[in-house]
Amino acid sequence: MPLSDFTPTFNVPPVSQEIVLTPKFAVCWHVDHQGCRRIINLLENYQDVLVLPPNTISPGWKGRHIGWMAQSDATIVRDDRFSDAPMPVV
């Protein structure tokens with residue numbers, strides 16, 4: 001039993017950051033220990049800013065692999081740049 005409501009619990013899943021690439025946006029999501037998601041970084045027309053391969057990126061690449069230094073530890077979970085039905089941003 002916690003000592004108070006403010007005592008941390010250490011059995012919660014880790015917080016993560018996920019990158020989704022769409023034809024128009026590069027979106028970095030923050031996913032907290034409760035599974036709540038919020039956008040923490042959104043790049044529009046990112047093709048001139050990030051260094052992207054001409055083909056689809058496999059999930060697991062990090063932001064640092066594509067030159068996104070502000071989100072260098074975020075993991076790319078989806079690349080919809082060439083999809084006919086990309087994932088909606090929100």
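Author: The questions and answers below go from the whole chain to single residues.

Author: This is a predicted model, in which local features need pLDDT of at least 70 and side-chain atom pairs count only at pLDDT 80 or more, while totals for chains, interfaces and linings use all residues. Residues are numbered from 1 along each chain as its sequence is written, and side-chain values use heavy atoms, with hydrogens and water left out.

Reader: How many helices and strands does the chain have?

Author: Helices (H or I, at least four residues) and strands (E, at least two) are DSSP runs, numbered from the N terminus. From that end, the elements run β-β-β-β. The count is therefore zero helices and four strands.

Reader: Which strand pairs with strand 1 in the parallel sense, and which in the antiparallel sense?

Author: Strand 1 (residues 16-21) has a parallel pairing over four bridges, in which L21 has D79 as its bridge partner. Its antiparallel pairing has six bridges, and there Q17 stands opposite H30. The parallel partner is strand 4, and the antiparallel partner is strand 2.

Reader: How many residues lie between strand 2 and strand 3 in their hairpin?

Author: Strand 2 and strand 3 run antiparallel and are joined by seven bridges. Between them, G35 takes a positive phi near 85 degrees. The number of residues between the strands is five.

Reader: Why is strand 2 described as largely enclosed by the rest of the structure?

Author: A residue is buried at under 20% relative accessible area, exposed at over 50%, and partly exposed in between (1.4 Å probe, protein chains only). Across the chain, buried residues make up 28% of the 90 residues. Strand 2 (residues 25-31) is largely enclosed because its buried residues number six of the seven.

Reader: Is N41 buried or exposed?

Author: N41 has its place in strand 3, where it stands opposite C28. Contact means heavy atoms within 4.5 Å; leaving aside residues up to four places away in sequence, N41 touches A26, V27, C28, W68, A70 and Q71. Its relative accessibility is 19%, so N41 counts as buried.

Reader: How far apart in space are L42 and A26, C-alpha to C-alpha?

Author: L42 also lies in strand 3, and with a relative accessible area of 42% it is partly exposed. In sequence, L42 and A26 are 16 residues apart. In space, their C-alpha distance is 5.9 Å.

Reader: Which residue lies over the face of W29?

Author: A charge sits over a ring if NZ of Lys or CZ of Arg is within 6 Å of the ring centre and within 35 degrees of the ring normal. At W29, the distance from the ring centre is 4.6 Å. The residue over this face is R37.

Reader: What is the value of phi in N45?

Author: N45 lies in the loop between strand 3 and strand 4. With 49% relative accessibility, N45 counts as partly exposed. Its phi is positive, in a residue other than glycine, and near 50 degrees.

How values were computed: Pairing = 2+ DSSP bridges.
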